[in-house]
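Student: Before I set anything up on this two-chain model, I would like to go through its geometry with you.

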Amino acid sequence: MTAPLEFRLCNQLGELRRLGDEVQNFSAAHRLPPAVVQAFDLSLAEWVTNIISYGHADAEEHWIQVRLSMAGDLVQAEVMDDGRAFNPLTHPPVDTTAPLETRPIGGLGIHMMRKLMDGVEYRREGAKNIVTLTIQRAG
Amino acid sequence: MEISKSITNESHELLISGRIDGAGANQLELETLAAMRAGAKTIYVNLSQATFLCSAGLRVLLQTWRQMKSSGKSFYVANPSPEVDAVLVMTGFREQMVEGARPPGLA
């Protein structure tokens, strides 16, 4: 069993490239199937983008901690941030059949994350949001 | 992410290569705004070489589509790669933004 990959990101959109690189490296090390990599990569990017874009009321530097691991056949990511409390599981669903003229701009990232992952869990510990994303290795 | 532009008459094509993540979406937004300011009557965003599309990129596509449509102009997403096409299908964008859109000269 390989050790988890842990790293932290600053709350700047430029860090998304590094997140993508880390996910690709982790996926290559564990020989994950392309469809699983794509889903994992996109879901993590969506959640971290959400934290960076909406998580903090101030303009200060904040850190987002990410831990990627394998648990048997499950690929897992745990993301911890110190932003405002936000549970993605309570976010209302998006009607993807609605005409684009009337479609709300927001909510698509969380919609995709929930659709792509086999599991999304949320908990609030003190002043931290902790989201755990899981997907089966088999895809 | 890289964007290359080609202009034929009043038709602007933006060819996107690489990842359209949050930062890439900002870059794409600047280019679509520039095309609109330049008087484009049609904008094609060619995603054949895009390997990744997140919701921030979708937001830019949707905003541009709405702005172009409200001023009687056209906006299309053309030739999405399989990875990007999966995102467009999952979000319901494909049917309304992509189908039937093929700029002249594109495979």
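Student: What conventions apply?

Tutor: The model is predicted: local features need pLDDT of at least 70, side-chain atom pairs count only at pLDDT 80 or more, and totals for chains, interfaces and linings use all residues. Residues are numbered from 1 along each chain as its sequence is written, chains are lettered from A and ligands numbered from 1 in the order in which they are written, and side-chain values use heavy atoms, with hydrogens and water left out.

Student: Which element gives the largest share of the lining of the largest pocket?

Tutor: A pocket is an open set of points on a 1 Å grid over the protein atoms alone where a 1.4 Å probe fits, with protein on both sides within 12 Å along at least five of seven lines; lining residues have an atom within 4 Å of a point. The largest pocket holds about 390 Å³ of space, the volume being that filled by probe spheres set on the points, which are joined across faces, edges and corners. Of its 20 lining residues, A:T49, A:N50, A:Y54, B:S55 and B:A56 are the closest to the centre. Helices are DSSP runs of H or I with at least four residues, strands runs of E with at least two, numbered from the N terminus, and the largest share, 6 residues, comes from helix 2 of chain A.

Student: How many charged residues are in the lining of the second largest pocket?

Tutor: This pocket has a volume of about 160 Å³, and its lining includes A:R17, A:D21, B:R19 and B:D21. Asp, Glu, Lys and Arg count as charged; Ala, Val, Leu, Ile, Met, Phe, Trp, Tyr, Cys and Pro as nonpolar; the others, Gly among them, as polar. By class, the lining has 3 nonpolar residues, 3 polar and, as charged residues, 4.

Student: Which strands stand at the edges of the chain A sheet?

Tutor: Two strands pair if DSSP finds at least two bridges between them. The open sheet of chain A has 5 strands in the order 1-2-3-5-4, with antiparallel pairing. One side of each edge strand is left without a neighbour in the sheet, because each has a single partner strand; these are strand 1 (5-10) and strand 4 (119-125).

Student: Which residue stands opposite A:M80 in strand 5 of chain A?

Tutor: Strand 3 (residues 74-81) and strand 5 (residues 128-136) of chain A pair in the antiparallel sense over 8 bridges. Opposite A:M80 stands A:I130.

Student: How many residues of strand 3 of chain B are buried?

Tutor: Strand 3 of chain B pairs in the parallel sense with strand 2 over 9 bridges and with strand 4 over 5 bridges. Buried means under 20% relative accessible area, exposed over 50% and partly exposed in between (1.4 Å probe, protein chains only). The strand is largely enclosed by the rest of the structure, because the buried residues number 9 of the 12.

Student: Is B:N79 buried or exposed?

Tutor: Most residues other than glycine have a negative phi. B:N9 has a positive phi near 50°, and B:N79 has one of about 50°. B:N9, in the loop between strand 1 (2-8) and strand 2 (11-20) of chain B, counts as exposed at 73% relative accessibility. B:N79 lies in the loop between strand 4 (74-78) and helix 3 (82-90) of chain B; with a relative accessible area of 14%, B:N79 is buried.
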